[in-house]
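Subject: Structure for your review

Hello,

Here is the structure I said I would pass on. My notes follow below it.

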Amino acid sequence: MDGQPARQQDTCSFDDEEPPGKPKRHPLWRKVPKKLWDDWRWQSQNAIRSVRQLRDLLPFNPDELEAIGKLEAEYKLAIPPYYFSLINVADPNDPIRLQSVTSPLEANSNFELEDPLEEDKDSPVPGITHRYPDRCLMVTTHVCTMYCRFCTRKRATMVRGGWDAISRDDERMIEYVREHPQIRDVIVSGGDPLTLPPAKLKYFLHSLRDIPHVDVIRIGTRVPTTLPQRLYDPEMLDILESTEKVWIQTHFNHPREITPEVARVCKSLLCRGMPLNNHTVLMKGVNDDLATMRKLMRALLRVKIRPYYLFHCDPVIGAGHFRTSIWKGLEIMEGLRGHLSGLAIPTYVVDAPHGGGKIPLLPNYLVSASDDCVVLRNYEGMLVRYQAEDKPTTIEETANRGVSQLIQGTKTAIVPPDSERMQRRRQYLQTKKAKAEEESASCCDAHEEPPPAKNGRRRLTPLPVVS
Ligand SMILES: *Cc1c(COP(=O)(O)O)cnc(C)c1O
Ligand code: SF4
């Protein structure tokens with residue numbers, strides 16, 4: 001240490017959380033009656049859909065305006081007033097704004113692709129992607145409540161040449177699932193399936209429900225994030241509940257997206273028997289720092305959503321500016337696992353090109369190995385010998401040091417001396433000792449010798465702390 005006090009920024013505490021305040025509104029909609037504001041139809045009808053509208057709501061410089069005006073013809077734009085109101089208008093790099101408002105950077109594309117996951121190539125019938133043995137993806141619509149600027153299926157949300165042009169045959173999609181008994185899990189996606197007219201949604205969900213080999217119907221949706229009001233509608237909730245097999249796959253990327261409105265919707269979905277799991281996309285400027293990611297994961301748990309996947313941002317055309325290095329993802333995972341409740345830990349995945357599918361990545365916890373044991377690392381940096389099988393050691397004892405000592409078995413762990421856990425342990429020990437001394441007048445603890453090693457196996461020395 002250089003004598004400077006360590007920077008005390010405990011991002012694990014709730015202190016710096018924004019208080020759960022009243023729903024915010026952009027001044028434009030301040031006078032809208034609550035009844036309308038809470039009505040998804042009003043939200044949808046009043047969504048910001050043009051650069052002309054944006055100009056009146058947010059500060060832009062003239063170059064930006066010209067650039068995003070041109071992009072209007074390329075990619076669809078829609079931001080419901082509710083979601084728009086989460087933007088801090090004073091911050092041009094606001095994470096909610098970056099996700100929803102067109103950026104001039106969308107015009108730059110280096111090596112990004114229209115269909116990076118080659119979903120269209122793994123498609124036996126239009127609308128279905130069947131890549132994994134027991135599950136498939138079903139695209140039911142190209143409509144979304146908000147068009148995410150980073151969308152993997154941006155090709156579908158483009159104005160021209162998008163999926164508007166492709167005709168899906170809904171019956172053929174259902175038929176495909178019915179004819180393939182190996183399919184146990186159908187991911188109903190889009191676009192956003194919760195934008196479908198209720199009758200259409202019911203057709204998809206109930207048809208799938210009635211296929212005996214389908215155990216799980218997952219609905220991938222950003223409606224809880226961008227238009228939670230849609231799920232205030234009992235008709236919608238009834239359709240979902242009566243399907244019985246539904247799991248909801250939410251998509252939250254920033255802690256500020258988790259509002260009292262979201263909490264309300266999560267409660268209804270859970271009450272009606274739907275487990276909630278979340279996808280997050282790792283994005284530059286939105287959530288590519290540990291503090292934000294920790295806040296997001298904790299906020300999700302508070303509304304009982306289980307973090308499921310953290311996606312590396314796909315190389316999708318028009319979204320290259322959101323991409324981070326893989327190291328950034330690993331750095332974040334290193335700061336989550338062990339530090340936060342295990343329930344708060346998503347799996348970090350890269351969706352591989354050429355339809356390779358999701359591949360998990362994580363920091364290295366396996367440090368070394370021998371025929372006898374492995375050396376593992378925990379989140380504190382402790383290195384520990386772990387013998388998985390009950391068999392005699394085969395290694396000859398040799399003068400040694402470091403990790404090799406763990407392999408040899410002359411030491412069982414190397415522990416960072418300043419870890420909080422070790423400090424706590426020392427404190428427990430002191431308290432125990434003090435108590436024992438108090439009581440020692442009446443009691444005499446016999447210090448038992450540990451039992452001798454069985455079968456002549458070499459005994460491992462008890463945990464010496466190496467400093
Ligand atoms: C993500 C995905 C799935 C589901 O994968 P899980 O790992 O089971 O969540 C299924 N099919 C396709 C094409 C996918 O992209
Ligand atoms: S809601 Fe989903 S499909 Fe629609 S734009 Fe956002 S990420 Fe893409």
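The shell around ligand 2 has five nonpolar, two polar and one charged residue. In these classes Ala, Val, Leu, Ile, Met, Phe, Trp, Tyr, Cys and Pro are nonpolar, Asp, Glu, Lys and Arg are charged, and the others, Gly among them, are polar. The shell consists of Cys144, Met146, Tyr147, Cys148, Cys151, Gly191, Arg222 and His251, where a residue is near a molecule if one of its heavy atoms lies within 4 Å of it.

Some ground rules. This is a predicted model, in which local features need pLDDT of at least 70 and side-chain atom pairs count only at pLDDT 80 or more, while totals for chains, interfaces and linings use all residues. Residues are numbered from 1 along each chain as its sequence is written, chains are lettered from A and ligands numbered from 1 in the order in which they are written, and side-chain values use heavy atoms, with hydrogens and water left out.

Gly191, from the shell of ligand 2, lies in the loop between strand 3 and helix 9 (198-209). Helices (H or I, at least four residues) and strands (E, at least two) are DSSP runs, numbered from the N terminus. The peptide bond from Gly190 to Gly191 is cis, with omega near 15°. Glu244, in the loop between helix 11 (234-243) and strand 5, has a positive phi, near 65°. Most residues other than glycine have a negative phi, and most peptide bonds are trans.

Ligand 1 is surrounded by Thr129, Tyr132, Arg135, Leu137, Ile187, Arg218, Tyr308, Tyr309 and Lys358. By class that is five nonpolar, one polar and three charged residues.

- Arg135, at 2.5 Å
- Arg218, at 2.8 Å
- Lys358, at 3.1 Å

Alone, ligand 1 exposes 390 Å², and the protein buries 90% of that (Shrake-Rupley method, 1.4 Å probe). Strand 1, strand 2 and strand 7 each give two or more residues to the shell around ligand 1.

A pocket is an open set of points on a 1 Å grid over the protein atoms alone, where a 1.4 Å probe fits, with protein on both sides within 12 Å along at least five of seven lines; lining residues have an atom within 4 Å of a point. The lining has 40 residues, with Leu137, Arg153, Ser189, His279 and Phe311 nearest the centre. Strand 7 gives the largest share, four residues.

Regards

Key
A polar contact is a pair of N or O atoms within 3.5 Å; within protein, one must be able to donate a hydrogen and the other to accept it, and residues adjacent in sequence count only if both atoms are side-chain atoms.
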